[in-house]
Amino acid sequence: MKLNNYRNLISVGIGFAILSFALPSCSLFGGDSTTGENEEAPEVHRVFIDSIHPDDTVYICTGSGSKRFHASDSCTGLNGCRKEVRGLTRREAENKKRTHCQICISDEQVE
Ligand SMILES: [Zn+2]
């Protein structure tokens, strides 16, 4: 009689706590995501408001009812835009009395 040997296939998953540093001088939206290990990636990557410089590009809907500016032109907050989505600098957007979108821009440092 033979005992069944259970072969435990141990998949070693080493979780590294990856500290994401805010790099204000780097291009915010490289769009070159090389890691495919995000378990549940949020639909919209939120950025810290202070990481957007006055000369950085933000996006607005030119519709008259729009009061926000967005860090990404693919923000879901722009889905309902009936007019044109246009890029401009944060400074220009704020000169237009635009406030930042709560969906794609965070008031707090994103961890
Ligand atoms: Zn947004």
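Analyst: Happy to! Helices (H or I, at least four residues) and strands (E, at least two) are DSSP runs, numbered from the N terminus. With that rule, the chain has 1 helix and 6 strands, running β-β-β-β-α-β-β from the N terminus on. This is a predicted model, where local features need pLDDT of at least 70, side-chain atom pairs count only at pLDDT 80 or more, and totals for chains, interfaces and linings use all residues. Residues are numbered from 1 along each chain as its sequence is written.

User: How do you know what the pLDDT of the chain is like?

Analyst: pLDDT is the predictor's confidence in each residue, from 0 to 100. On that scale the chain has a mean of 75, and 59% of its residues reach 70 or more. Residues 8–28 stay under 50, and the model has 8 contacts for them beyond four places in sequence.

User: What makes Lys 97 buried or exposed?

Analyst: We count other C-beta atoms (placed from the backbone) within 10 Å of the residue's own: 20 or more is buried, 12 or fewer is exposed, and in between is partly exposed. Lys 97 has 7, so it is exposed. You can find Lys 97 in the loop between helix 1 (90–95) and strand 5 (99–100). Its C-alpha is 7.3 Å from that of Lys 67, although the two are 30 residues apart in sequence.

User: Why is strand 2 called largely enclosed?

Analyst: Because 4 of its 5 residues are buried, strand 2 is largely enclosed by the rest of the structure.

User: What makes a group of residues a nonpolar core?

Analyst: The members must be buried Ala, Val, Leu, Ile, Met, Phe, Trp, Tyr or Cys residues, joined through C-beta atoms within 7 Å. The largest such core here has 14 residues, of which Val 58, Ile 60, Phe 69, Ala 71 and Cys 104 touch the most other members. Strand 2 (residues 57–61) supplies the largest share, 4 residues. Leaving aside neighbours within four places in sequence, the contacts of Ile 60 include Phe 69, Leu 88 and Ala 93.

User: How do you know that strand 2 and strand 4 pair?

Analyst: Pairing requires DSSP to find at least two bridges between two strands. Strand 2 and strand 4 (residues 85–89) have 5 bridges, in the antiparallel sense, and Val 58 stands opposite Leu 88 in strand 4.

Terms used:
Contact = placed C-beta atoms within 7 Å.
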